[in-house]
Amino acid sequence: MKKETHEKTQVKEVGLHEAYAQDPQKADLAIFGREVDPITRRGFLHKSSLLAMASILGANIPFASNMPGGIIPALLANSDTPFSVPGKDGLIYLNDRPVNAETPPQFLDSPFTEPKYFFIRNNGTPPPLESIDPKTWKLEIAGESCKKPKSFTIDELKKKFKHYTYALVVECGGNSRKEVVPATKGNQWENGAVGCGRWTGVRLRDVLESCGIKKDAVYIGYYGADLRLDGNTSKEVISRGVPIAKALEDETLIAWEYEGQDIPYMNGYPLRLVIGGVPASASGKWLKKIVVRNKVHDGEKMNGQSYRIPCKPVAPGSKVADKDMCVIENMVVKSLITHPVSGIKSKLANTLEVRGKAWAGDRSVKEMYVSIDFGETWQKAKLKKPLNRLAWQEWSASVKFPETGYYEVWARAVNDKGVSQPMVLPGWNPRGYLNNACHRIAVEII
Ligand SMILES: Nc1nc2c(c(=O)[nH]1)N[C@H]1C(S)=C(S)[C@@H](COP(=O)(O)O)O[C@H]1N2
Ligand SMILES: [Mo]
C-alpha cells in the first residue's frame, strides 16, 4: 500500500511529458541527464535548459536570469500528466528513479518489438544525452586476459569488422516477479520486461580476437557510462558479464542499431552489448568498456544475491547465504499471449484467434500449447521457426469454446529438450528471478 502512495506522488510531481513532447531530447536531459535531489523533484534542472523551457512554453521568460538555479516553470512542474519518457509512450512505468518501464503484452504482438515499445530497465542515471557524441564515443577492450588492450570509435568498429543483424530476446532476469509467492524484493514486473528485435552491430568475438584473447580467459565483463543514483562515482551502477564461451557465440553483438534505427537513448544509445539467452542484465547499455577476465567477472551486481539463484532448490521464503547462490547463466522456456488482451468478450459462434511469442533461453521452443480448461487438456498451437538462434518464435491457435461463460486461455511452451513451462509457479528463489509460469488471459464468451 505504502509503495503505491509513493509512486503516485512521484507521478504528480514529475509529469513533464506532455509539455516536453515537442522537444524530446531536451526532455530526456532535463529529467534524466543529471542527479536530482529527491526533495527538489518538483522540478529543478540545469539553468542552461531554461532556453529550451521557454521554447516549450511558447513564450519568452523575461526574468529568466532571476529564476533560482534550475527550477522548472510552474506551468510545467504542476502538470498532472503521468510520468513517461518521450518516445516511449505505450509503456507501463514502474519507477522513474531509476526509470523502469515495461511493455504491455499487446505491444509485443508485432513480429519484432518496436523501438518505442522496448522496455526500460535502468539501474542508475543514463549519461546525459548532450554528453553523448557518437563520433567520439570510445569502446575500450582490456582486462587481464586481453593480449593487446585497444580502444575503438564506433566508426572504427563499423569499418574494421563485418556487420551482422540478429533478432535477440532481451529479457530481464526479474521479469514476471510480480506473481512470485511469497513476494520478493525488486521491480514488480508483470510480464513485459522482455522484447525481441533485430540488433545490428559487430560480433564481440571479432573485436576480442582482434585484440587477442589469452588462454586463461574465462569471462567477460562490461562497463557502461551511466552513473549511480547515490552519486558515488567510485562504484559502478552495474557491471556484469558472461562466460567466455557465451561471449564468443556468433550472435553476441556490440550493437549500434535496433530495428534499423539508432538504439533508443534509454536502451543504450549509442552502443550496447546484446547477448541473447541470458538475463538481460548482461547486455550492457551505453557501453564504454569490455574486460576479458581470467576469473568470473566480479563487477557490481555479479556477487551476493543479485542475478543469482540458490544452487540447490529451497523452500519458498527461505534465506539463502551468498555462498549458496549461483549465477543465472541461462534464461528459461517461456511464452506470452500477445493477442487478444485479457478481459475481452467474444461470441460463442466465433473462433477466437490467440497468438503470442515463445522463447527458451539458449535453446529453441519445440512445441506450443493452449488450454481453456485450466490446464486439464491442451490444444497444440502453430509454432513458427525463429529468425535465427536466440530469437523468439511466433505461435498462434484457433480456439473454440463449448458454451458461454468465463474462461481463461493459458499458454505453455516446451523447449527442444522437452522441458515445459510450469502451470503454477516454478521453484522459488530469494529475488524472484526466472518466473516462467504459464501466461493466462481472461476471456468471457457471450
Ligand atoms: N549500463 C547499463 N547496462 C544495463 C543496465 C543498466 O542499468 N546500466 N541494466 C541491465 C538490466 S538489469 C537489464 S534487464 C537490461 C535492460 O535493457 P533495456 O533497458 O534496453 O530494456 O539492461 C541491462 N544493461
Ligand atoms: Mo534486469
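Asn 95 stands opposite Asn 100 in β2. This is a predicted model, in which local features need pLDDT of at least 70 and side-chain atom pairs count only at pLDDT 80 or more, while totals for chains, interfaces and linings use all residues. Residues are numbered from 1 along each chain as its sequence is written, and side-chain values use heavy atoms, with hydrogens and water left out.

Strands β1 (residues 92-96) and β2 (residues 99-102) pair in the antiparallel sense over four bridges; two strands are taken to pair if DSSP finds at least two bridges between them. Strands (E, at least two residues) and helices (H or I, at least four residues) are DSSP runs numbered from the N terminus. With two residues between them, β1 and β2 form a hairpin.

Two bridges join β2 to the antiparallel β3, and Ala 101 stands opposite Ile 120 in β3.

## Sheet of β16, β18, β22 and β21

A further open sheet has four strands in the order β16-β18-β22-β21, and the pairing is antiparallel. At its edges stand β16 (333-339) and β21 (382-383); each has a single partner strand, so one side of each is left without a neighbour in the sheet. β21 pairs with β22 (residues 393-399) in the antiparallel sense over two bridges. Within this pair, Lys 382 stands opposite Ser 396 in β22.

The side chains of Lys 384 and Glu 394 meet in a salt bridge, at 3.6 Å from N to O. Because Lys 384 lies in the loop between β21 and β22 and Glu 394 in strand β22, the pair ties together parts that are ten residues apart in sequence. Glu 394 is partly exposed, at 27% relative accessibility; here buried means under 20% relative accessible area, exposed over 50%, and partly exposed in between (1.4 Å probe, protein chains only).

## Salt bridges

The structure holds 21 salt bridges, each defined by a side-chain nitrogen of Lys or Arg within 4 Å of a carboxyl oxygen of Asp or Glu. One of them joins Arg 228 to Glu 300, with the closest N and O atoms 3.8 Å apart. Arg 228 lies in the loop between β8 and β9 (241-243) and Glu 300 in the loop between β13 (287-293) and β14 (308-310), so this pair ties together parts that are 72 residues apart in sequence. Arg 228 counts as buried at 16% relative accessibility, whereas Glu 300 counts as partly exposed at 24%.

A network of salt bridges links Glu 144, Arg 293, Lys 295 and Asp 298. Lys 295 is partly exposed at 39% relative accessibility, and Asp 298 is partly exposed at 38%.

## Surface patches

Val 181, Met 423, Val 424 and Leu 425 make a nonpolar surface patch of about 360 Å². Patches consist of residues with over 30% relative accessible area and no salt bridge, like charges being joined within 9 Å and nonpolar side chains (Val, Leu, Ile, Met, Phe, Trp, Tyr) within 5 Å; accessible areas come from the Shrake-Rupley method with a 1.4 Å probe, and for residues only the protein chains shown count as cover. Met 423 lies in the loop between β23 (405-415) and β24 (439-445) and is partly exposed, with a relative accessible area of 37%.

A positive patch is formed by Lys 147, Lys 148, Lys 150, Lys 160, Lys 214 and Lys 215. Lys and Arg count as positive and Asp and Glu as negative, with His and the chain ends not counted; the place of a charge is taken as NZ of Lys, CZ of Arg, CG of Asp or CD of Glu. Lys 215 lies in the loop between α7 (204-211) and β8 (219-224) and counts as exposed at 87% relative accessibility.

How values were computed: Chains are lettered from A and ligands numbered from 1 in the order in which they are written.
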